[in-house]
Amino acid sequence: MAVAKKEQELIVTVSPHIRNDETVSRIMWTVSLSLLPAFVFGVYFFGPRAVYVTALCIVGAFFSEWLVQKMTGKEITLNDGSAFLTGLLLGMNLPSSAPFYIPLVSSFVAVAITKQLFGGLGYNIFNPALIGRAFALITWPRAMTTWFEPTAAFVGLDAKTTATPLAILKEGGMQKIIEIFGDKMSLYTDLLIGHRAGSLGETSVIALLIGGAFLIYKKYITWHIPISFLATVALMAWIFGGREGFFTGDPVLHLLSGGLILGAFFMATDYVTCPSTRTGQIIFGIGCGLLTILIRLKAGYPEGVMFAILLMNCFSPLIDRNMKSKVFGLAKEAQQ
Amino acid sequence: MQIGQEVKKGDLIGETTAFVSAPVHASVSGKVVALMDAPNAMGKMVPAVVIDNNGKEEWTQLRDNPDYMKLTPEELKGKIKDAGIVGMGGATFPTHVKLSPPKEKPIDVVIINGAECEPYLTADHRMMVESPSDIIEGLKILMKVLGVSKGYVGIENNKPDAIAKMKEASSGEANIEVAELEVKYPQGAEKMLIKAITDRNVPAGGLPMDVGVVVQNVGTALAVFEACRYGKPLIERVVTVTGLGVKTPGNLRARVGTPVKELIETCGGFNNSPAKVILGGPMMGFAQYTLDVPVAKGTSGILVMSEEEHSTSGKFGPCIKCGNCIDACPMGLMPSMLSLLSEKGFYEETKEYNLLDCFECGTCTYVCPSKRPIVQFVRLSKSLIKR
């Protein structure tokens with residue numbers, strides 16, 4: 001009988017015998033896709049240099065991944081999309097004015113050092129793209145804070161002194177920033193669309209929100225980190241952000257400026273470097289928010305999202321250890 | 001038993017004196033031709049009695065008892081024990097043991113599990129559609145044995161015909177309720193079923209009786225009725241034969257002891273090229289290396305999976321800590337940590353992540369984007385830790 005003949009060829013493996021079709025590479029490429037709207041806005045405002053800088057980052061990321069995997073005799077995993085995503089995120093976090101060596105060196109720092117030397121995908125402590133950017137900011141402070149103005153007329157801002165809204169806020173306060181943008185309404189509108197100086201992929205809030213909503217819809221991220229992060233920033237900015245005393249700050253300006261939206265939806269939510277449980281993620285988001293505002297208001301830098309996320313990355317393992325998931329049928333006290 | 005001995009259907013052919021055990025009965029009439037070791041579903045060799053079927057279908061003397069409901073709980077329990085009834089959802093825990101909770105654990109609810117323990121399986125569904133009143137009678141017997149006044153039948157709401165039939169069969173019973181359940185895996189796991197129906201949390205490491213509940217499978221309830229009413233021992237069961245690798249899938253009423261090969265042939269044989277033959281379901285079932293393995297009391301399904309249908313985890317990637325497994329785990333564990341610790345050899349540390357509460361449903365492994373064999377890592381840790 002056919003049945004008896006086939007018996008010899010049966011495969012024996014352990015259960016489960018079915019898997020869903022989700023893969024790591026699909027996740028990475030989907031997240032990359034969700035960054036597309038913001039990247040397109042970046043190119044629209046900052047021109048071909050935005051493509052140039054980002055492309056260099058991606059090439060650098062691919063090369064670094066390939067190099068370390070080759071040298072350590074590991075399997076080459078360029079097609080899993082993680083190096084591409086790191087390169088893309090790094091590019092979107094750089095000013096479009098960056099000279100060619102900044103994207104190349106910082107993508108090497110991101111992928112080769114921060115990710116591969118710590119054990120590769122899944123084992124890095126810090127968000128690779130953000131370490132790449134932090135390295136660049138510390139190494140080339142001037143180049144990293146030279147901002148090209150968006151191609152469309154940037155009202156009242158002259159080319160030589162182009163500054164990011166947060167830098168203007170830090171120097172001249174709310175008064176100055178409204179003066180430059182005209183009135184409060186056009187300030188918010190410009191910030192929402194992304195018509196302002198800044199890293200090439202961080203400016204368009206609306207495009208980033210579209211990408212973020214897409215990721216939440218696809219269940220690749222949940223609301224916990226972005227919302228706790230943004231809510232903390234808004235609350236703290238309102239309480240401490242004003243020059244006329246407590247509760248006079250402008251939370252909307254802080255929400256729409258800097259790398260906050262990009263950071264909250266796409267960087268802080270990096271699976272590998274954020275806590276795994278929902279409670280842990282809320283704590284992580286609040287921590288990111290507090291540090292962001294602390295740096296924005298009290299430190300030497302006008303923007304604090306990058307350092308806030310990197311600092312909180314250190315705490316992720318600790319948060320995970322102490323915020324374990326709730327075990328079915330186990331009283332909270334009984335859990336270690 | 002001796003070689004050459006004549007047996008009839010229902011004759012006792014195996015028993016032990018251990019409390020947690022159930023007797024085995026001849027499922028055909030004929031002559032004993034061998035006493036040997038045969039493979040069971042887990043691939044282990046176990047003692048077996050081989051009977052040459054004479055095709056006469058002669059029954060041993062059965063005691064029909066239309067007044068079974070007048071028997072005392074102890075008498076009913078004795079009948080269930082003598083009939084060799086075990087949990088037919090797959091775990092094959094002796095039913096009379098489950099019906100003998102210690103005095104300090106009072107039971108107030110009996111649940112009949114009609115939530116089909118795994119995808120692909122439809123045997124329980126079929127039984128509920130075809131023998132609803134017998135199942136309800138079985139439930140009433142179980143309630144009487146345990147002195148319980150509340151009975152439920154839990155059915156997933158994608159089986160409206162079974163729900164309708166069971167509701168109709170239990171319409172005259174004020175204390176029996178058909179509970180419609182959300183469709184999800186593992187809804188048929190005892191703890192999840194109890195939570196869904198009674199909103200009680202079985203404590204970690206505990207048993208359903210800790211919250212006053214006894215759960216029995218649909219097939220078990222049916223067998224309980226047949227044992228008490230007709231004195232019929234458990235010698236046959238409904239088996240789902242399915243998967244893309246079999247020509248005409250269906251539910252078969254099969255005798256315990258029938259080689260799996262014969263059931264597949266009854267269903268038209270293999271289709272294209274079968275990759276795996278699994279006893280049980282796709283999530284927790286056992287892949288077979290031989291088709292001589294017999295249908296046992298706990299064989300709920302024979303799943304013949306085609307090349308495209310099944311998956312293995314030959315190659316897997318690193319954990320990217322996406323948390324999908326944490327979201328999916330019905331026990332609220334952190335499978336990602338269990339697999340990472342086990343992978344790196346930190347077996348003792350897995351206890352801090354409640355290793356022993358894992359009942360290996362496989363959901364974490366199903367959802368893992370890195371295709372990590374998480375359940376297998378859990379099994380590895382379980383076998384290597386100091387208990």
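Seven residues of domain 1 of chain B are in contact with six residues of domain 2 of chain B. What classes are found on the domain 1 side? Five residues there are nonpolar, two are polar, and none is charged. The C-alpha centres of domain 1 and domain 2 of chain B are 27 Å apart. Please keep in mind that this is a predicted model.

Let me place those domains. The assignment for chain B gives domain 1 at 6-53 and domain 2 at 68-230. Domain 3 covers 236-305, and domain 4 covers 324-386.

Now a helix from chain B. Take H1(B), residues 73-82. Which of its residues are buried? They are Leu76(B), Lys77(B), Lys79(B) and Ile80(B). Look down the axis of H1(B): these buried residues fall within an arc of 155°, so they line one face of the helix. An α-helix has 3.6 residues a turn, so residues three or four places apart point the same way. What covers the buried residues of H1(B)? The cover includes three helices of chain B: H2 at 95-98, H4 at 132-146 and H7 at 218-230. After H1(B) comes Gly84(B), with a positive phi near 70°.

One more stop in chain B: Gly269(B). Where is Gly269(B)? Its place is the loop between helix H8 (260-266) and strand E12 (274-279) of chain B. Gly269(B) has 18 C-beta neighbours inside 10 Å, so it counts as partly exposed. Buried would take 20 or more. Now pair Gly269(B) with Leu303(B). The two are 34 residues apart along the chain, and their C-alpha atoms are separated by 12 Å.

On to chain A. How many helices and strands does chain A have? The count is 15 helices and zero strands. The C-alpha trace spans about 85 × 50 × 35 Å along the principal axes of chain A. What about the radius of gyration? Chain A has 22 Å; a compact globule of 336 residues would have a value near 20 Å, so the two agree. Buried residues make up 51% of the 336 residues in chain A. Next, consider contacts in chain A between residues at least 6 apart in sequence. Of these, 71% join residues at least 24 apart.

A helix from chain A, then. H3(A) runs over residues 36-46. Its buried residues are Ala38(A), Phe39(A), Phe41(A), Gly42(A), Phe45(A) and Phe46(A). Down the axis of H3(A), the buried residues fall within an arc of 160°, so they too line one face of their helix. What covers them? The cover includes helix H4 (48-71), helix H5 (82-92) and helix H10 (205-217) of chain A. Just after H3(A) sits Gly47(A), with a positive phi of about 75°.

Last, the two chains together. How many residues does each chain bring to the contact? Chain A gives 36 residues and chain B gives 55. On the chain A side, helix H1 (2-7) and helix H2 (24-34) each supply at least two residues. The largest share of that side comes from H1(A), with four residues. By class, the chain A side has 18 nonpolar, twelve polar and six charged residues.

Definitions and conventions:
Residues are numbered from 1 along each chain as its sequence is written. Chains are lettered from A and ligands numbered from 1 in the order in which they are written. This is a predicted model: local features need pLDDT of at least 70, side-chain atom pairs count only at pLDDT 80 or more; totals for chains, interfaces and linings use all residues. A residue is buried if 20 or more other C-beta atoms lie within 10 Å of its own, exposed if 12 or fewer, and partly exposed in between; C-beta atoms are placed from the backbone. The arc is that of the directions from the helix axis to the C-beta atoms. Two residues are in contact if their C-beta atoms, placed from the backbone, lie within 7 Å. The radius of gyration is taken over C-alpha atoms; the globule rule is 2.2 Å times the number of residues to the power 0.38. Ala, Val, Leu, Ile, Met, Phe, Trp, Tyr, Cys and Pro count as nonpolar, Asp, Glu, Lys and Arg as charged, and the others, Gly among them, as polar. Domain bounds come from an automatic or database domain assignment.
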